[in-house]
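Have a look at the model below. This report walks through parts of chain B, from a helix to a metal site and on to the domains.

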Amino acid sequence: MSDLADCTVLAGRSVRLTRRNPDAVITALVLPVLLMLVFVYFFGGAIETNTGKYVTYVAPGVLILCAGYGASMTATTVSDDMTGGIIDRFRSMDTGPTAVLSGHVAASVARNAAATAAVLAVAFAIGFRPHAGPAEWLAAIGILLLYITTLSWLGAAAGLLAKTPEAAGGFTFAMLFLPYPSSAFVPIDTMPDWLHGFADHQPVTPVIESLRGLLLDQPTGNSPWLALGWCLGLLAVALPLCAVLFRRRTG
Amino acid sequence: MHPAAEADWAIETRGLSKAYGSVHVLAGLDLRVRRGSVFALLGPNGAGKTTTVRILATLTRADAGQAVVAGHDVTAARSRVRRAISLTGQYAALDEEQTGEENLRMMARLRGHSRSAARNRATELLERFALTEAGRRRVSTYSGGMRRRLDIAAGLVTDPQVVFLDEPTTGLDPRSRRTMWETIGSLTRAGVTVFLTTQYLEEADRLADHVAVLDGGRVRAEGTPEELKKTVAAQRLDLTMTGRSAYAELAGQLGERALHRAPEELVLGVATDGSAAHVRTLLDELDPTRAQVAHFSLHSATLDDVFLELTHE
Ligand SMILES: Nc1ncnc2c1ncn2[C@@H]1O[C@H](COP(=O)(O)OP(=O)(O)OP(=O)(O)O)[C@@H](O)[C@H]1O
Ligand SMILES: [Mg+2]
């Protein structure tokens with residue numbers, strides 16, 4: 001399938017472009033690690049959780065925050081392509097939207113896998129001790145990858161919608177905010193009542209609950225299924241949306 | 001379409017129209033470009049040259065009309081057209097943070113070359129466009145001319161049948177421009193059809209087999225550069241008058257016959273065939289007292305004259 005070959009070439013390109021952009025390296029790798037340290041050392045002392053050390057409670061949350069945030073940068077990379085001349089060249093070479101967009105998404109997943117590894121390494125270094133067997137680890141990584149993929153496709157849609165790369169950055173901002181009103185950093189029952197409805201029913205909460213449950217060997221309830229449902233549902237919206245937006249954008 | 005006609009024309013359009021809001025950019029454009037020729041589309045800024053190229057290269061849809069490129073309809077058989085053409089747009093379409101070589105390799109891979117074939121093709125093109133040294137550097141460090149050359153090279157990673165070049169030499173110095181002309185010439189020797197737009201009339205004159213002047217959404221004139229020049233008189237006799245009053249008097253007398261007017265320099269131009277007899281007759285006719293004309297010069301028509309003549313408001 002030539003789309004697959006093109007996607008590989010373009011994912012390689014996107015990863016290379018990230019590596020060469022100091023801003024992007026900092027936002028993709030350094031910032032997540034810093035966030036981990038900030039949460040544990042600045043806020044950790046003040047937050048009560050039922051998992052013993054705060055680092056153990058918060059590490060999955062920071063993983064989610066970084067994943068969502070990193071994935072949302074797809075909005076900017078897609079927007080860069082759409083506003084520069086390069087998309088015309090790709091189109092005139094019959095490289096279709098499927099290859100162009102999935103190239104960006106694949107690069108995003110690769111980038112975020114690296115960031116996740118870095119955050120995990122730092123978390124281990126500062127005392128994160130999960131209790132998970134290989135099956136739990138696999139399930140956790142699977143959910144994380146699905147989450148990253150989903151947000152990357154949503155990011156791609158946002159990038160197609162935004163008129164400028166700066167505007168596309170707004171999506172990143174939203175993704176940076178979304179984990180806060182969830183159980184990522186503090187238990188939901190410590191939040192004001194009016195937030196419970198949103199925090200309980202937004203997609204980040206089941207993802208984070210599954211991750212925490214799997215890694216810390218706690219009951220997960222139906223969280224993994226909710227997480228799966230949310231991700232697949234959002235993907236089912238994002239993929240056709242991308243197709244429509246791309247066609248509208250390129251007339 | 002008739003098979004013989006199909007063999008002859010690399011590009012054929014009928015009644016192409018395109019409007020952006022209330023701006024009617026193209027209003028029934030008819031063009032024919034012979035296979036293996038160089039076709040130059042001229043026109044003032046905003047005439048719709050880029051729009052035409054984008055429609056022919058399948059990037060923009062026309063509102064009405066038909067276009068057949070390399071034997072395929074641009075809307076009905078978009079992919080086939082895309083596989084037969086290459087486009088180098090008016091503005092660079094390169095990754096600034098990849099090296100020249102990486103850009104070319106990427107394009108070649110997207111065009112279906114294997115890894116090693118792509119590498120060879122990139123090396124070959126860098127050499128052909130005098131970018132071998134620069135190939136290892138990021139494009140962000142390139143000069144405007146180098147960028148332009150790389151951009152055109154990127155269009156040639158496969159061997160297209162029709163090459164679209166939107167203002168290929170804008171921003172190039174005279175030497176690079178000449179090199180580019182040679183490159184374009186060498187393309188047609190290999191049987192490729194080149195469709196280019198340009199602001200430089202001299203360029204069209206030097207390169208093109210066929211020229212069309214676009215204005216007001218239609219083709220105002222077309223033909224070989226020679227034919228077009230004939231439409232404005234092959235030669236012009238320019239007379240420098242001795243003073244303002246002499247200029248005003250002769251300008252009044254000539255009326256429409258004056259092909260060229262430059263009041264500041266006191267110059268008026270009239271058509272001539274360039275023969276001594278005709279020039280002498282003209283001088284006697286226009287300056288019977290032999291006191292009004294200070295100097296004269298003969299001027300061969302350029303495409304600039306055609307352009308200005310055809311596109312004046
Ligand atoms: N996407 C667009 N939306 C709205 N108007 C457009 C669009 N593209 C082109 N136009 C308008 O169409 C007209 C023709 O533009 P075009 O770029 O084809 O001209 P051009 O002949 O290439 O000009 P130039 O010599 O400056 O490159 C202009 O008035 C331009 O403003
Ligand atoms: Mg133009």
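In helix α2 of chain B, the buried residues are B:K49, B:T51, B:T52, B:V53, B:I55 and B:L56. Buried means under 20% relative accessible area, exposed means over 50%, and partly exposed lies in between (1.4 Å probe, protein chains only). The helix is mostly covered, with 6 of its 8 residues buried. B:T58 follows α2(B) and has a positive phi, near 70 degrees. Helices (H or I, at least four residues) and strands (E, at least two) are DSSP runs, numbered from the N terminus.

This is a predicted model, in which local features need pLDDT of at least 70, side-chain atom pairs count only at pLDDT 80 or more, and totals for chains, interfaces and linings use all residues. Residues are numbered from 1 along each chain as its sequence is written, chains are lettered from A and ligands numbered from 1 in the order in which they are written, and side-chain values use heavy atoms, with hydrogens and water left out.

What does α2(B) pack on? Chain B has an open sheet of 6 strands, in the order β6-β7-β8-β3-β9-β10, with mixed pairing. Its edge strands are β6 and β10 (218–223) of chain B, and each pairs on one side only. Two strands pair if DSSP finds at least two bridges between them. From one strand to the next, the twist averages 15 degrees. α2(B) packs on this sheet and touches β3, β6, β7, β8 and β9 of chain B. Its direction makes about 155 degrees with that of β8(B). Such angles run from 0 to 180 degrees between N-to-C directions; the axes are lines fitted to C-alpha atoms, for helices over the stretch in contact. β6(B) and β7(B) pair in the parallel sense over 4 bridges. Here B:I85 stands opposite B:V162 in β7(B).

**A buried threonine**

B:T88 lies in β6(B), which covers residues 85–88. Is B:T88 buried or exposed? B:T88 is buried, with a relative accessible area of 0%. Its side chain takes part in two listed approaches.

| Partner of the B:T88 side chain | Distance |
|---|---|
| A:R89, side chain | 3.3 Å |

**The magnesium site**

Which residues are the protein donors of the magnesium ion (ligand 2)? They are B:T50 (OG1) and B:Q90 (OE1), lying 1.9 to 2.1 Å from the ion. B:T50 lies in α2(B) and B:Q90 in the loop between β6 and α4 of chain B, so the pair ties together parts that are 40 residues apart in sequence. Donors are N, O and S atoms within 2.8 Å of the metal (3.2 Å for Na, K and Ca); water is not among the atoms, so sites may look incomplete. B:T50 is partly exposed at 27% relative accessible area. B:Q90 is partly exposed at 25%.

**Two domains**

Chain B is assigned domain 1 (9–228) and domain 2 (232–311). Such bounds come from an automatic or database domain assignment. The C-alpha centres of the two domains lie 39 Å apart. Their contact (heavy atoms within 4.5 Å) takes 12 residues from domain 1 and 7 residues from domain 2 of chain B.

Technical notes
A polar contact is a pair of N or O atoms within 3.5 Å; within protein, one must be able to donate a hydrogen and the other to accept it, and residues adjacent in sequence count only if both atoms are side-chain atoms.
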